Amino acid sequence: MPDIRILSAEEARAAIPALSQVLADCVAGGASVGFMQPYTPDDAEPYWRDVADAVAAGGNLLLVAELAGSIVGTVQVGAAQMPNQPQRGDLKKLLVHRSARGRGLARLLMEAAEQEARRRGKTLLVLDTATGSDAEAIYPRLGWERVGVIPDYALWPQGGFCDTTLFYKRL
């Protein structure tokens, strides 16, 4: 049975090696999550240090999925917003290691992130994801509303333009 939990800043810092493995695996698998191939766990460590700092500052919630005590998935909620958007959070970097897919971890991570965002007073979450990706198909099944597509928004990790689809969910 997977364990889904929220990490403190200290736990996030300790988990950097495992989180870096998950991120590097997802980029190697073609996930358009902001990084280009080749991308190694060492390349991912500065990103996760910044995330841990954001957790420490209260700007980010970092959730992980564990199987047999090993981190195999993660998602973040950007909770710090501008003063006129205290009700909104940004869902970021839903990642599941390819070896752990097909076990419902993405759904469990999303449900836990939504629950914790709601507990912290968020009533609206937004996200963007690569159009045509496997991830795009997950969100409507979880009750997220598709807003539209922005063409040529980013690059696929192996190169070439990637459109992005925007979603929101009222909590």
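The buried residues of helix 2 pack against helix 1 (9-14), helix 3 (41-57), strand 2 (60-67), strand 3 (70-78) and strand 4. Here, buried means under 20% relative accessible area, exposed means over 50%, and partly exposed lies in between (1.4 Å probe, protein chains only). Packing is judged by contact, meaning heavy atoms within 4.5 Å. Helices (H or I, at least four residues) and strands (E, at least two) are DSSP runs, numbered from the N terminus.

You are looking at a predicted model, in which local features need pLDDT of at least 70 and side-chain atom pairs count only at pLDDT 80 or more, while totals for chains, interfaces and linings use all residues. Residues are numbered from 1 along each chain as its sequence is written, and side-chain values use heavy atoms, with hydrogens and water left out.

**Stop 1: helix 2**

Select residues 16-28 to see helix 2. Its buried residues are Ile-16, Leu-19, Ser-20, Val-22, Leu-23, Ala-24, Asp-25, Cys-26 and Val-27. How far apart are the end C-alpha atoms of helix 2? They are 18 Å apart, which agrees with the 18 Å that its 13 residues should span at 1.5 Å a residue. The expected span is 1.5 Å times one less than the number of residues.

**Stop 2: helix 3**

Next, select helix 3, which has 17 residues. From first to last C-alpha it reaches 24 Å, close to the 24 Å expected. Colour its buried residues: Ala-44, Tyr-47, Trp-48, Val-51, Ala-52 and Val-55. An α-helix has 3.6 residues a turn, so residues three or four places apart point the same way. The buried residues of helix 3 pack against helix 1, helix 2, strand 2, strand 3 and strand 4. Helix 3 is followed by Gly-58, with a positive phi near 85 degrees.

**Stop 3: the largest nonpolar core**

A nonpolar core is a set of buried Ala, Val, Leu, Ile, Met, Phe, Trp, Tyr and Cys residues joined through side-chain atoms within 4.5 Å. Which of the 25 residues in the largest core touch the most other members? Select Leu-91, Met-110, Tyr-139 and Trp-144 to see them. Helix 4 gives the largest share of this core, seven residues. A second, separate core has 24 residues, including Ala-12, Ala-44, Val-51 and Leu-95.

Now centre on Tyr-139. Beyond its neighbours within four places in sequence, Tyr-139 contacts Leu-91, Leu-94, Met-110, Leu-127, Thr-129, Trp-144 and Phe-167.

**Stop 4: the largest pocket**

The largest pocket has a volume of about 920 Å³. Of its 40 lining residues, select the closest to its centre: Val-33, Leu-94, Thr-129, Ala-135 and Tyr-139. On a 1 Å grid over the protein atoms alone, a pocket is an open set of points where a 1.4 Å probe fits, with protein on both sides within 12 Å along at least five of seven lines; lining residues have an atom within 4 Å of a point. Its volume is the space filled by probe spheres set on the points, which are joined across faces, edges and corners. Strand 4 gives the largest share of the lining, seven residues.

Finish on Thr-129, in strand 5. Is Thr-129 buried or exposed? Thr-129 is buried, because its relative accessible area is 9%.
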